[in-house]
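Take a moment to look at the fold below. Then read on for a short tour of one chain.

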Amino acid sequence: MKVSVTVNGTAYERDIEPRMLLAYFLRESLGLTGTHVGCDTSSCGCCVVVLDGDRAVKSCTMFAVQADGHTIDTVEGLEQGGKLHPLQQAFWDQHGLQCGYCTPGMLMTCIALLKHNPKPSELEIREGISGNLCRCTGYQNIVKAVQQAANAEELVPS
Amino acid sequence: MTTTEKLPDRHSIGQSMKRKEDPRFIRGKGRYLDDIVLPHMLYLALVHSPYPHARITKIDKTAALASPGVKAVITGEDLVAAKLGWLPTFHGFDNQMVLAIGKALYQFQEVAGVVATSREAAADGAELVDVTYEPLPPVIDPYQSKLDKIILRDDREAKTNHIYHWEVGEREKTDAAIAKSDVTIKERILSPRCHPAPLEPCGCISDMNGATGRLTIYMTSQAPHVHRTAFSLVTGIPEDKIHVISPDIGGGFGNKVPVYPGYVVATVASVILGVPVKWVESRTENLTTTGFARDYHMDVEIGATKAGKVTALKVSTTADHGAFDAAADPRKYPAGMFGIVTGSYDFPTAFAEVDAYFTNKAPGGIAYRCSFRVTEAAFAIERGMDILARKLGLDPVQLRMQNFIKKEQFPYPSPLGFTYDSGDYEKTTKKALDLIGYDALRKEQAEKRKRGELMGIGVSTFTEIVGAGPGKHFDILGIKMFDSAEIRIHPTGSGIVRTGTRGQGQGHETTWAQIVAEELGLDPQELLVEEGDTDTAPYGLGTYASRSTPVAGGALALASRKIREKARKIAAHMMEASEDDVEWKDYKFSVKGVPGKSVTMKEVAFAAYTNPAPDTEPGLEATYYYDPPNLTFPNGTYIAVVDVDADTGAVKVRRFLAVDDCGVVINPMIVEGQIHGGLTEGFAMAFMQEIKFDEGGNHLNTNFTDYLVPTALETPHWETGNTVTPSPHHPIGAKGVGESPNAGSPQAFVNAVMDALSPMGITHLDMPLTRDKVWSAIQGAQKKT
């Protein structure tokens, strides 16, 4: 089945099996391995990407063919012109990651979160990332990172 | 809030340097196992037993082999023919089936492997393997297993489910001391079965190259060298023909130490088919088949005088090891470091014993963010001390304070055979009490109790034991548990640093550079750290049990000092001074008594290649294999404050403070991050995480909707602080920290909830303290009154 999607600003057309999940389409058809897979039940959020600019979706719960005609942003598209996105910078500054496996999904969830709520409270951040599991950090430094990014002067539109 | 005890000004150690590994991770450019794709690679899917105990009478491959894309179907009998049907377990007390042979011994046990051209084709093929089972009655409860009514392992000579008895200490003296004590407590305390569940599941790509005869295994491995040796011993392939590469690891927590059937089957498939074979488990496979943790049922007895001086401790444990004894413990220590169960207290005598049994559950018993059974031991003693305090009518902090090992008693020989290196438990505890405002909290609690509100304060003043370890006591497969470091300084003063460990998020690429930079006065940003490739890294035992800093950290410091000694010769030559007159001061070489005459390590490095001293070898490199003289003993005082809703059983952790003493801190930011993470896993064990089975042996927590790990919403806000009591024997005084918060915290939460419920006469509840369990206990207590 043919599928046309725009990923990180680049248009792709591929012929794929209808049952292929979006996560594996990104990873295996497009070679964008920053999007990870950590469970089979839409629980962990390692696979979160942003759909149509503002919706955080779990790409393991969407068929690639459902993304036909849509735009997808993944972690690989965050850095622009050699400059880290303020969220990437903040995760680094605040030690918001350890093993790094949840980080891409966590970042993309936070992109959508800040788009809808540019100045979230701590509770709103914790609610906003509660669909993303992290086994290493205990979340506290991730919360601090989101706060730092929310306070950054220029929030690069993704 | 964080309060960090400041170290004197240092060049690199003690700095919260940002992590060198992060730039690739925040860009999605980490290289994890499943990111690797090799040409002509095939995929392996495994077939699992639906029954916890069943005879396998037939495996029909026909339909699977006819499925599109399927290249091979491998069964246990095929592996027996290849002499790989059974594998020895790490400490050598048992053998483990790779794929079920004749019998399945736990639900989800691996029964066959299907290799196909895509992950989907392999999964389709696995569905079509037709296995005929004759179900047998399962044994799920270790206390039932003990009765030997059904013998689970007919392959073993001894017709019993009992695996081993291990004991340490003085049984008779302890029994006598408890019998004579004014006050005694006895409680059965369970450390329930749980699972580390790192977010990246386990997997491998095995690539047998027919042209070179070399087997390359990309593998989610916390211990790549040990795995290389194990593969060589088991397959007979010479070790030089095996190359293990452990790429970026998405969390390990002990789960990536054992050898799993998937690794072996993928390797056999690659040998047979001559192409690379990838196996990546699903979350369900991870939770149901790979190394579980804990499952210790501990009968804890403590004796004390009326005044609250402890007299003796006895702990008798029934351990549920599942279908094989695959616990990743050192050979001489089948119950790991359980002997740390006397904790921070000066017991005149003690005795501990563990009896392990087979059940129809997955094997494991791995050290989940824990140094071999320390989490279980710390839970037992810290719960026991709380129960004793309540019986004595003493504040739990007061009971602890009056029984602490005093700082003058170090090095302290414990009654169960360890020599604690250092500690100042009173200082750590006083700091914690001050930071949290303990007295004010107790006043608030007294007032709330008058109003019938359930507020609880829980304390844990634990001692950890990490850094396995002295080779004379600890080995894996007979290999002494040393670790190693190799440092090469380039002509321009940058360098490459390699160790035998393999981090999984601990930040070694940063902290290892900091140690070397501190020792050599170099820039940590210009020291590249590499781990995980057995072709390039020196031999080491890997990263688990908080052993990296205590062991490899020591190797790094001592390899650096070897370099420094050689550099001193070159510096003397450069400054035209006698070597005896050259001193290392303020991170450079200078000539004693000649102000202003000095050379930096960077200058020496250049000279080492361009102008070496006449009698010295060119170059500037060193390797050091460090066998530590002792383990290290970090400690901490943790305090939890909870509010319990009597109507719903919900527990709100209002505050949690962790004051840790892990000796010298290399990077405070990373240490704090480790503590946050460990506390979150301790919280998870206390309130959420449990692997349960029904009476029929069905696994009840096969995915993240049933096996609950904390999200950001449940996770409390963590407060931290520290004290610094250096390890006297460690080259830089560090003790290790990754596991302290995990081993130290569950009992603080449970003690807090029990404190809240104590007015109702509730003494003990087993983890996890779910709402329904707490609510039922409150209901039961209210009915009684």
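How far apart do the C-alpha centres of domain 2 of chain B and domain 3 of chain B lie? They lie 37 Å apart. Keep in mind that this is a predicted model.

**Domains and their contact**

Chain B is divided into three domains, and each is built from separate stretches of the chain.

| Domain of chain B | Residues |
|---|---|
| domain 1 | 2-29 + 483-626 |
| domain 2 | 33-136 + 201-249 + 256-289 |
| domain 3 | 292-468 + 630-784 |

Domains 2 and 3 of chain B touch. Domain 2 of chain B gives 20 residues to this contact, and domain 3 of chain B gives 24 residues. On the domain 2 side, helix α9 (residues 283-289) of chain B supplies the largest share, 5 residues. That side of domain 2 of chain B holds 9 nonpolar, 9 polar and 2 charged residues.

**An open sheet**

Now turn to a sheet in chain B. Its 7 strands run in the order β4-β8-β2-β15-β12-β13-β14 (chain B), with mixed pairing. From one strand to the next, the twist averages 20°.

Thr75(B) stands opposite Ala112(B) in β8(B).

Helices pack here too. Helix α4 (residues 119-127) of chain B lies across β2 (42-48), β4 and β8 of chain B, at about 30° to β2(B). Helix α7 (residues 224-235) of chain B touches β13 (214-219) and β14 of chain B. The direction of helix α7 of chain B makes about 150° with that of β14(B).

Key:
Residues numbered from 1 in each chain as written. Chains lettered and ligands numbered in written order. Predicted model: local features only at pLDDT ≥ 70, side-chain atom pairs only at ≥ 80, totals over all residues. Domains from an automatic or database assignment. Contact = placed C-beta atoms within 7 Å. Helix = DSSP H or I, 4+ residues; strand = E, 2+ residues; numbered from the N terminus. Nonpolar A, V, L, I, M, F, W, Y, C, P; charged D, E, K, R; others polar. Pairing = 2+ DSSP bridges. Axes fitted to C-alpha atoms, helices over the stretch in contact; angles between N-to-C directions.
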